[in-house]
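Dear colleague,

I am passing on the structure we spoke about, with notes on what turned up in it. Please look through the model first and then read on.

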Amino acid sequence: MASPMTTNTSLRLSDTGNLLLVLIDGVPGQQYPGGEVMQEMPGFVDVLSNQELVDLANFMRTEWGGQPSSVTLEQVEKFTQEGER
Ligand code: HEM
């Protein structure tokens with residue numbers, strides 16, 4: 001199960017923290033009562049550079065979230081530094 005980007009909540013928030021955390025760390029898998037399972041989402045911290053994370057987050061926010069492209073390199077660097085998340 002995955003959420004469609006057009007109704008994605010993290011993209012619609014003016015605060016960029018949730019979106020960055022999802023892109024950097026991913027989302028753990030879940031099991032719900034009744035046997036429904038949500039697969040995990042892999043994080044991209046090892047695959048994308050900080051600048052690529054900035055560009056991806058801003059693209060998603062403007063394309064699907066109706067938000068300004070306000071994510072900065074400084075902000076992403078803070079999130080990707082170990083222990084500062
Ligand atoms: C370019 C690749 C991807 C991007 C940019 C991306 C982005 C996102 C974002 C922003 C969310 C947050 C949803 C929210 O705020 O409601 C999310 C959730 C999620 N993603 Fe991804 N994702 C990617 C690839 C993947 C892949 C490859 C998988 C699985 C193999 C995956 C599985 C999930 C799951 C299970 C959730 C949680 C949905 C929920 O909580 O309802 N994603 N993704």
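By class, the lining of the largest pocket has 13 nonpolar, five polar and one charged residues, where Ala, Val, Leu, Ile, Met, Phe, Trp, Tyr, Cys and Pro count as nonpolar, Asp, Glu, Lys and Arg as charged, and the others, Gly among them, as polar. The model is a predicted one, in which local features need pLDDT of at least 70 and side-chain atom pairs count only at pLDDT 80 or more, while totals for chains, interfaces and linings use all residues. Residues are numbered from 1 along each chain as its sequence is written, and side-chain values use heavy atoms, with hydrogens and water left out.

The largest pocket holds about 480 Å³ of space, a volume being the space filled by probe spheres set on grid points that are joined across faces, edges and corners. A pocket here is an open set of points on a 1 Å grid over the protein atoms alone, where a 1.4 Å probe fits, with protein on both sides within 12 Å along at least five of seven lines, and lining residues have an atom within 4 Å of a point. Of its 19 lining residues, Ser3, Asn8, Val22, Val27 and Met41 are the closest to the centre. Helix 1 (9-12), helix 2 (17-25) and helix 3 are the elements that give two or more residues to this lining, helices being DSSP runs of H or I with at least four residues and strands runs of E with at least two, numbered from the N terminus.

Met41 also lies in strand 4 (residues 41-42), and its SD atom, at 2.2 Å, is the only protein donor of the iron atom of the ligand. Donors are N, O and S atoms within 2.8 Å of the metal (3.2 Å for Na, K and Ca), and water is not among the atoms, so sites may look incomplete.

Overall, the protein chain has four helices and four strands.

Best regards
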